[in-house]
Amino acid sequence: MKKSIKAGFAVLTASALSLSGLAVQSSFAAVKHTAAPVTIVWYAGTISGNGLRADVISHFEKLYPNIHVKVVAEPNNTDTTRAQLISQISGGATSPDVYLGDVIWPGQFGSMHLALPLNKYLPKSFFNQFAPGLIAGASYKGNVYGSPWFQDSGFLYYRKDLLAKYHLPVPKTWEKLQQEAKFLLNKKAVKYGFVWQGASYEGLTCDWMEYLTDAGGHVFNAKGQPVMDSPAALHALNFMRGLITSGVSPRAVTTFTEPNTMNLFNAGQAAFLRNWDYAYTNSQTKGQSSVIGKVGVAPLPTFAGHGTAGYATIGGWDNYINPHTKHLAQDLLFVKYLASVQGETILATKASEIPTNNAVQHNPAVRRLNPVLSIVAEQHLIARPSQSPSYAKVSQAIYTNINAALSGQMSTANALKQANSQLASAQSSSSL
Ligand code: GLC
């Protein structure tokens, strides 16, 4: 009951704003020159820790001297950020004005009216500048809720100095990766062979999607029925568990989120790392890495006999606007700027992020400065089944059971059986 009152309030606010949409559009020019100074709050994560947010803001503020953008740091765990935003915005908070949100949120945030439908305020031409498919991913029931800022996908990072020293090729299969990691451990070249995201959270769903798809498995079939209790899924999960029991990945991998894995790799303690785009810049930043100049990046491996490259889960972050904002005209200008060629060029050259603006993504000069961008075309991408408003529950059914099997609390076969039955109830669940 409480929820529906709050949701109703949000609908009213959103439609009142939508009526004023035309006025907002025509007031853009006025904001630039005559309006009194306004401060908007942007809730955004650190990204690669190298001052990227400060750079885009300072450039934006030069273009719009009457708008000041204050950054409030998001936690670096997507689940925690989501929970915080849901509680703040459904409670009617007017701040943050703009927030960086995960690409998997439009179903839930759209259905709960936690984000403004941007298509009501921005022209078609705005959405045409993005790489195809991204706007579909940012939409729910015909409305676009997120303005894509960067696309994430999974990559394999490796110590090129160690592979060269021992004459090892960059592994193209999971089996080869395991074998090379074991070899490097036996040589005492590193403390850990391979680190990845195995904690019980959204990041594990991402890693799981990659092994599952490489093995030929799926979460749902074409009719939308859960099919994760399959021989392919068992092959994938047994392999992941084997990474731990063989000592190639530490037992503690079942508690690792992205920052844990990044820190170990940067400290020179791991031979291989699975992580997102930002990991390249992160590993090459002075003061936080001891592996500068020693890191290579490649598409993820696949299982032997399953093609030439592995699947990489699609992630990324979009800019969303709080429906209760008091500064809509300024928010829209900021969101437009972030998606522009200027904003996206700073993003893609300062951090190794995949820009969502088509022109920037295909600019050879940007590509030269951003090594992850140059191998994007070789990747096979897989999306999480995130279109439904109850995706958070779907993902939870996946990561809690996969994590239980990885840490040995449950057999791999039972974990898949249980995941499958929880997926069915997650789908039919009305609570988000
Ligand atoms: C990255 C991805 C995001 C994903 C998250 C999981 O931030 O961009 O889509 O949900 O990692 O930890």
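Me: Which residue forms a salt bridge with aspartate 55?
Reply: A salt bridge here is a side-chain nitrogen of Lys or Arg within 4 Å of a carboxyl oxygen of Asp or Glu. For aspartate 55, the closest N and O atoms of such a pair are 3.1 Å apart, and the partner is lysine 350.

Me: How many residues apart are aspartate 55 and lysine 350, and which helices hold them?
Reply: Helices (H or I, at least four residues) and strands (E, at least two) are DSSP runs, numbered from the N terminus. Aspartate 55 belongs to helix H4 (residues 52-63) and lysine 350 to helix H16 (residues 341-350), so the pair links distant parts of the chain, 295 residues apart.

Me: On what basis are these values given?
Reply: The model is predicted: local features need pLDDT of at least 70, side-chain atom pairs count only at pLDDT 80 or more, and totals for chains, interfaces and linings use all residues. Residues are numbered from 1 along each chain as its sequence is written, and side-chain values use heavy atoms, with hydrogens and water left out.

Me: Is arginine 159 buried or exposed?
Reply: Buried means under 20% relative accessible area, exposed over 50%, and partly exposed in between (1.4 Å probe, protein chains only). Arginine 159 forms a salt bridge with aspartate 161, with the closest N and O atoms 2.8 Å apart. Aspartate 161 is partly exposed at 25%, whereas arginine 159, at 8%, is buried.

Me: Which residue meets arginine 274 in a salt bridge at 2.8 Å?
Reply: The side chain of arginine 274 pairs at that N to O distance with glutamate 210. The two lie 64 residues apart, arginine 274 in strand E9 (residues 270-275) and glutamate 210 in helix H11 (residues 202-214). Salt bridges that share partners join both of them to Asp207 in one network. Arginine 274 is buried at 2% relative accessibility, and so, at 1%, is glutamate 210.

Me: How many of the six residues of E9 are buried?
Reply: Strand E7 (residues 155-159) pairs with E9 in the antiparallel sense over four bridges, where two strands pair if DSSP finds at least two bridges between them. Strand E8 (residues 192-195) runs parallel to E9 and is joined to it by three bridges. E9 is largely enclosed by the rest of the structure, because the buried residues number six of the six.

Me: Which residue of E9 is the bridge partner of leucine 156?
Reply: Tyrosine 192 has alanine 270 as its bridge partner in E9. For leucine 156, the bridge partner in E9 is arginine 274.

Me: Which backbone oxygen lies 3.2 Å from a polar side-chain atom of threonine 81?
Reply: Threonine 81 lies in helix H5 (residues 78-90) and counts as buried, at 0% relative accessibility. Leaving aside neighbours within four places in sequence, its contacts (heavy atoms within 4.5 Å) are Tyr43, Glu74, Pro75 and Trp105. The backbone oxygen at 3.2 Å belongs to proline 75.

Me: How much of the ligand's exposed area does the protein bury?
Reply: A polar side-chain atom of aspartate 102 lies 2.6 Å from a ligand oxygen. Another ligand oxygen distance, 2.7 Å, is to an N or O atom in the side chain of glutamate 258, and a backbone N or O atom of glycine 316 lies 2.8 Å from an oxygen atom of the ligand. Taken alone, the ligand exposes 310 Å² (Shrake-Rupley method, 1.4 Å probe). Of that area, the protein buries 93%.

Methods
Polar contact = N/O pair within 3.5 Å; in protein donor to acceptor, adjacent residues only side chain to side chain.
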